[in-house]
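Reader: I have a structure to go through for class. Can we take it step by step?
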Amino acid sequence: MKIDIQTTADGSQTLFVPSLDEHYHSIKGALTESLHIFIKMGLQESKAEEPRILEIGFGTGLNALLTAGEAEKDRTIRYTTLERYPLSMELVGQLEYPKLVDEHTAKYFLPIHRCKWNEWNQITDNFYLRKIECDFTKLEIKEKYDVIYFDAFAPEKQPEMWSQEIFNEMYDCLDENGILVTYCAKGAVRRMLQAAGFEVERLAGPPGGKREILRGKKNRMKTTPRLPMLEA
């Protein structure tokens with residue numbers, strides 16, 4: 001699969017897949033997008049003392065890198081990330097993310113990419129990483145998480161990842177008061193999240209980027225019973 005490196009509006013890089021006509025991040029700012037959606041609106045909203053994070057779409061490792069930096073603020077994080085098509089180390093070596101974060105966080109970039117797949121790795125004193133190479137649509141999740149970064153390709157590019165069954169499973173694998181965040185604010189996605197049982201919020205998107213994003217919260221005391229399956 002041919003992949004090109006492109007620079008986004010905030011100076012950070014993303015990847016472009018010509019065969020899909022799809023970018024890995026927002027062209028209006030890859031770093032800005034990740035910090036706003038997944039760190040600020042996701043991780044920082046979690047009240048868990050030692051958050052367990054599930055990321056759908058490891059990609060360039062940017063979300064994992066930023067989360068490792070957050071973990072160094074004396075908060076132990078266990079991070080599971082799923083990826084069907086891991087990048088080559090040759091391509092990873094061309095990414096300049098370490099230049100865009102603080103010096104302390106930058107040193108985690110290569111260990112995050114070089115560590116072994118399909119097993120737990122201790123990247124820092126407070127950040128544990130498990131990268132799983134898999135087809136998420138065929139994976140049975142048996143563990144519980146506090147935060148989900150739902151960062152799959154867009155629904156029109158990867159529709160199998162945006163089904164009612166997927167969101168039902170995401171709801172089930174979240175612990176009480178768990179959070180799911182995604183860049184996609186389409187009405188169909190919002191309705192599927194609600195049908196799965198989530199309390200859904202429309203939030204302002206990243207500066208200079210998407211107008212809105214979605215955050216779903218799991219609170220069994222307030223949510224209604226799961227609704228019948230909705231068509232996308």
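Reader: How many salt bridges does a search of the whole structure find?
Author: The search finds 12 salt bridges. A salt bridge here is a side-chain nitrogen of Lys or Arg within 4 Å of a carboxyl oxygen of Asp or Glu. This is a predicted model, where local features need pLDDT of at least 70, side-chain atom pairs count only at pLDDT 80 or more, and totals for chains, interfaces and linings use all residues. Residues are numbered from 1 along each chain as its sequence is written, and side-chain values use heavy atoms, with hydrogens and water left out.

Reader: OK, which residue does Lys2 form a salt bridge with?
Author: Asp4, with the closest N and O atoms 2.6 Å apart. Lys2 is exposed, at 55% relative accessible area, and Asp4 is partly exposed, at 25%. Buried means under 20% relative accessible area, exposed over 50%, and partly exposed in between (1.4 Å probe, protein chains only).

Reader: And Glu70, buried or exposed?
Author: Buried, with a relative accessible area of 16%. Its salt-bridge partner is Lys73, at 2.9 Å from N to O. Lys73 is exposed, at 56%.

Reader: Switching topic. What do the side chains of Glu201 and Arg215 meet in?
Author: A salt bridge, 2.9 Å from N to O. Glu201 lies in strand S10 (residues 199–204) and Arg215 in strand S11 (residues 212–217), so the pair ties together parts 14 residues apart in sequence. Strands are DSSP runs (E, at least two residues), numbered from the N terminus.

Reader: Which residues are joined into one network there?
Author: Glu45, Glu201, Arg215 and Lys217, through salt bridges that share partners. Of these, Arg215 is buried, at 5% relative accessible area, and Glu201 is partly exposed, at 29%.

Definitions and conventions: Helix = DSSP H or I, 4+ residues; strand = E, 2+ residues; numbered from the N terminus.
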